[in-house]
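Subject: Structure handover

Hi,

Here is the structure I promised you. Please open it next to this email. My notes follow below.

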Amino acid sequence: MAKIELVIVDDHKMFLDGISNVLSKQNDMEILQVLDNATDALTFLKSNTPDLLITDISMPEMNGLEFVKIVKQQYPNLKILVVSMFQQIQSFQGIDGYLLKETGFDELIKAIHQIIVDGKPYFYNDYKASNDELDFNKKIITRREKEIIQLIAKELTTDQIADTLYISKHTVETHKKNIFLKLQVNSVVGLIKKAIYFGYVG
C-alpha cells in the first residue's frame, strides 16, 4: 500500500517540529515537505502532489483563509486538514477536516486516516457549520484587539500602538495578524471597513 504523502505548513516552529516528528514515525505516512509560510507552499505544490495538506490558518505573508481558498481553486482534489489554535472562525468551504492545536497526536493520526483512507471528513467535536459568519466574527474579537483596531483607525503606526498600550512591537504584530485573520481582510482599508460595519470605530 502506498504511503500517505503529506505537506505541512505552519509558522510556529515548535508545533511544526512536534507534528513532523510524530508523523514521520508513522509507517504508512511520508512527509514530502515542511514549510513555514503559504507562499513557499504554493510554489512547492506547483511541482508536487501530496495526498493531504496540513495547515494552520494564522500565518505571515498571506491570510491563511485565502491560502486555503487558493489551494482549493488550483488543486480541487487535494485534501486539506486545518489545525489551528482558533476554534472555528467561519464556515469553511471545501476543507476536509479541522482540528485544534490542543488536540492529541492520536486524534491527528486518526483524522488523517479517516480523510485519506476512509474518504470521510474529520472535524473536532464542537465544530459547527455556521452561516452567520459576520456575527461570529464580531464575537471573537477580544478587548485588546478592539483597542488595536481603534488605534489603527487613528492611523497610528505599529511602534506608536506598542507605546500607547505598553506592549511590545511583536505583540502588536501578532494581534494585527489575528485581527486580519478573524475579520477575513487583507488590507488596512478592508479592516477599517469591517470595523465600521461592526461598530468598533465610529
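Start with helix 4, which lies across strand 1, strand 2, strand 3, strand 4, strand 5 and strand 6 and runs at about 160° to strand 4. "Across" here rests on contact, meaning heavy atoms within 4.5 Å. Axes are lines fitted to C-alpha atoms, for helices over the stretch in contact, and angles run from 0 to 180 degrees between N-to-C directions. Helices (H or I, at least four residues) and strands (E, at least two) are DSSP runs, numbered from the N terminus.

Some ground rules. This is a predicted model, where local features need pLDDT of at least 70, side-chain atom pairs count only at pLDDT 80 or more, and totals for chains, interfaces and linings use all residues. Residues are numbered from 1 along each chain as its sequence is written, and side-chain values use heavy atoms, with hydrogens and water left out.

**Overall**

The chain has 9 helices and 6 strands. Of its 202 residues, 47% count as buried. Buried means under 20% relative accessible area, exposed over 50%, and partly exposed in between (1.4 Å probe, protein chains only). Take the contacts in the chain with a separation of 6 or more: residues 24 or more positions apart account for 66% of them.

In what order do the strands of the open sheet stand? The order is 2-1-3-4-5-6, 6 strands with parallel pairing. Strand 2 (29-35) and strand 6 are at the edges with a single partner strand each, so one side of each has no neighbour in the sheet. Two strands pair if DSSP finds at least two bridges between them.

Here are the pairings, going across:

- Strand 1 (residues 4-9) pairs with strand 2 in the parallel sense over 6 bridges. Valine 9 stands opposite leucine 35 in strand 2.
- Strand 1 also pairs with strand 3, parallel, over 4 bridges. Leucine 6 has leucine 52 in strand 3 as its bridge partner.
- Strand 3 and strand 4 are parallel too, over 4 bridges. Leucine 53 has isoleucine 80 in strand 4 as its bridge partner.
- Strand 4 (residues 79-84) and strand 5 pair in the parallel sense over 4 bridges. Leucine 81 stands opposite glycine 97 in strand 5.
- Strand 5 and strand 6 (residues 122-123) run parallel, joined by 2 bridges. Tyrosine 98 stands opposite phenylalanine 123 in strand 6.

In a regular strand the side chains alternate between the two faces of the sheet. Strand 3 is covered on both faces: Leu52 and Ile54 on one side, Leu53 and Thr55 on the other, are all buried. Strand 5 (residues 97-100) is covered on both faces as well, with Gly97 and Leu99 on one side and Tyr98 and Leu100 on the other, all buried.

**Helices on the sheet**

Helix 1 (residues 13-24) lies across strand 1, strand 2, strand 3 (52-55) and strand 4. It runs at about 160° to strand 2.

Check the handedness around helix 4. Strand 5, helix 4 (residues 105-116) and strand 6 make a left-handed β-α-β unit. A crossover is right-handed if, with the strands pointing away from the viewer, the path from the first strand over the helix to the second runs clockwise.

**Helix 6 and helix 7**

How do helix 6 (residues 143-153) and helix 7 (residues 158-165) pack? They pack at an angle of about 130°, with their axes 10 Å apart. The two are therefore oblique to each other. Angles under 35 degrees count as roughly parallel, over 145 as roughly antiparallel, 65 to 115 as roughly perpendicular and the rest as oblique. Arg144, Glu147, Ile148, Leu151 and Ile152 in helix 6 meet Ile161, Thr164 and Leu165 in helix 7.

Most residues other than glycine have a negative phi. Glutamate 155 has a positive phi of about 70°. It is found in the loop between helix 6 and helix 7, and at 70% relative accessibility it counts as exposed. Tyrosine 166 has a positive phi of about 60°. It lies in the loop between helix 7 and helix 8 (169-183) and is exposed, with a relative accessible area of 77%.

Last, threonine 174 in helix 8. It is partly exposed, at 31% relative accessible area. Threonine 174 and methionine 59 are 115 residues apart in sequence and 9.9 Å apart in space, C-alpha to C-alpha.

Best wishes
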